[in-house]
Amino acid sequence: MQNKILIIGAGLGGLALAQGLIKDGFDVTVFERDTSPTSRPQGHRIFIRSMGIQALNALLTPEKMGRLSAAKVTDVGGGFVCANEKMEPFFSVQGQEAGAQFLRSELRNFLQEGVNIEWNKRLVKFEDNGDQVIARFEDDSSFNGDIIVGCDGGASSVRKLLPLVYKEGLGSIPKVIDSNQTVLGAQIDRTPQWERLLPLNKTGFVRFLGINSNDIGVCFSERPDRTPTIVWAVSEQIKDRNPSWYQFDHGLECRKRILEHCKQLMNIEPWHENLKKLVNDTPAEAIMAPWLIQTTQFPKSDQFPMAPTGRVTLVGDSAHAMSNARGLGGNNVLEDARLLSTLIASSSKPIDWPKLIANYEREMFTRARIAVQESESAAEYFRSLRSHS
């Protein structure tokens, strides 16, 4: 009998996993809480490095892999540069290791091809009878499967339900927490003038580090309609998460308050005039919703699988959210999907789920611990380089 895989979350990780499993002949259904593919912004762009590209190569058919380049952002460079507030560079990575930039919306649309997705499905509980799992949703629908894979992000419902379902025999579950680092971003039309004013960005993404803890990341990119744009994001350490400028309701007045706060952050420090102009010239309607950077606390002991029956596991941010300082998050998501898909496809039948999932989680969390630590250390490392530049 064909194994049935239930994937919770139609983000990049869940869809990439679905592609790999479908390629190998498994019955896969993806459940997404969004009402449609366009009901919620999916972020702007993602840098995929060699690890992520290799993962996609294993997950996709040769025909689909050949079409992947259509989701790339064009004429933006694939490098990474760190510079100080005066726009003087002191660290850079160029070439394949830096990665390629993809539009998240285009990549998501691409990965949806051929996948059975149930939209408007918010998971509220699941049951495990040892031989099967039953996913139950807010609309009173339910679906049976051999395994549930939580690909539902840092606020993962699957992860939160694990202790409620498996009160005994529960393995080691990571804790995803909010940091005190908030990111406020927007975009502005890319013009020849901006190419002159931001010369470092011709080679790729640039993180400008201020004299204090604030920084601003800037990259040339494209909108979903392929019009050229510049995306910028100011990072700030905050203690109070309830100021008026932080509350986001999608209205213009709200966006104006956030933009005014960003202008204040830029104008009270000695940022280069071109960076101040970038923020000051941005229209309020282009402001994006603020977000808090998340990170992960791993348990001291490694007891796997997390679910004693091996019928439930996690992929991506639901298991190991991390800072964006190194750009490792998305690549680890794709590698998680590759690893799990490969283990399932290569397993002898009937599948020994506890053994398979224990092997997956042990390897996945070993890699994720390193990536989270590297991400946590990156900002401090770059600032140490800046102080000696």
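Helices (H or I, at least four residues) and strands (E, at least two) are DSSP runs, numbered from the N terminus. The model is predicted: local features need pLDDT of at least 70, side-chain atom pairs count only at pLDDT 80 or more, and totals for chains, interfaces and linings use all residues. Residues are numbered from 1 along each chain as its sequence is written, and side-chain values use heavy atoms, with hydrogens and water left out.

View 1. N120 is found in the loop between β7 (117-118) and β8. Although N120 is not a glycine, its phi is positive, at about 60°. With a relative accessible area of 46%, N120 is partly exposed (buried means under 20% relative accessible area, exposed over 50%, and partly exposed in between, with a 1.4 Å probe and protein chains only). D140 lies in the loop between β9 and β10, and its phi, near 75°, is likewise a positive value in a residue other than glycine. D140 counts as exposed, at 74% relative accessibility. Most residues other than glycine have a negative phi, and most peptide bonds are trans.

**View 2. The open sheet β8-β9-β10.** Three strands form this open sheet in the order β8-β9-β10, with antiparallel pairing (two strands pair if DSSP finds at least two bridges between them). β8 and β10 stand at the edges, each with a single partner strand, so one side of each is left without a neighbour in the sheet. On average, neighbouring strands of this sheet are turned by 20° against each other, direction ignored. Five bridges join β8 to strand β9 (residues 133-137) in the antiparallel sense; the bridge partner of L123 in β9 is F137.

**View 3. Aromatic pairs.** A search of the whole structure finds nine aromatic pairs (rings of Phe, Tyr and Trp, the last by its six-membered ring, pair if their centres lie within 6.5 Å; planes under 30 degrees apart count as stacked, over 60 as edge-to-face and the rest as tilted). The rings of F31 and F143 have centres 4.8 Å apart and planes at 55°, so the pair is tilted. F31 lies in strand β2 (residues 27-31) and F143 in strand β10 (residues 142-145), so the pair ties together parts that are 112 residues apart in sequence. F31 counts as buried, at 1% relative accessibility, whereas F143 is partly exposed, with a relative accessible area of 22%. The rings of F126 and Y166 have centres 6.1 Å apart and planes at 45°, so that pair is tilted. F126 belongs to strand β8 (residues 123-128) and Y166 to the loop between α5 (157-165) and β12 (175-189), 40 residues apart. Both F126 and Y166 are buried. One aromatic cluster is formed by F47, F80, F91 and F205.

View 4. Strand β1 (residues 4-8) pairs with β11 in the parallel sense over four bridges, and the bridge partner of I5 in β11 is I147. Strand β17 (residues 312-314) runs parallel to β11 and is joined to it by three bridges. In β17, T313 is the bridge partner of V149.

**View 5. The crossing of helices α2 and α10.** The axes of helix α2 (residues 50-59) and α10 come within 8 Å and cross at roughly 35° (axes are lines fitted to C-alpha atoms, for helices over the stretch in contact, and angles run from 0 to 180 degrees between N-to-C directions). Residues of α2 in the contact include M51, G52 and L56, and those of α10 include N331, L334 and S341 (contact means heavy atoms within 4.5 Å). R338 is found in helix α10 (residues 329-346). Not counting residues up to four places away in sequence, R338 touches A55, A58 and L59. The C-alpha atoms of R338 and L59 are separated by 6.1 Å, although these residues are 279 residues apart along the chain.

**View 6. Two cis peptide bonds.** The peptide bond from F304 to P305 is cis, with omega near 5°, and P305 is found in the loop between β16 (291-297) and β17. The bond from K349 to P350 is also cis, with omega near -5°. P350 is found in the loop between α10 and α11 (353-387).
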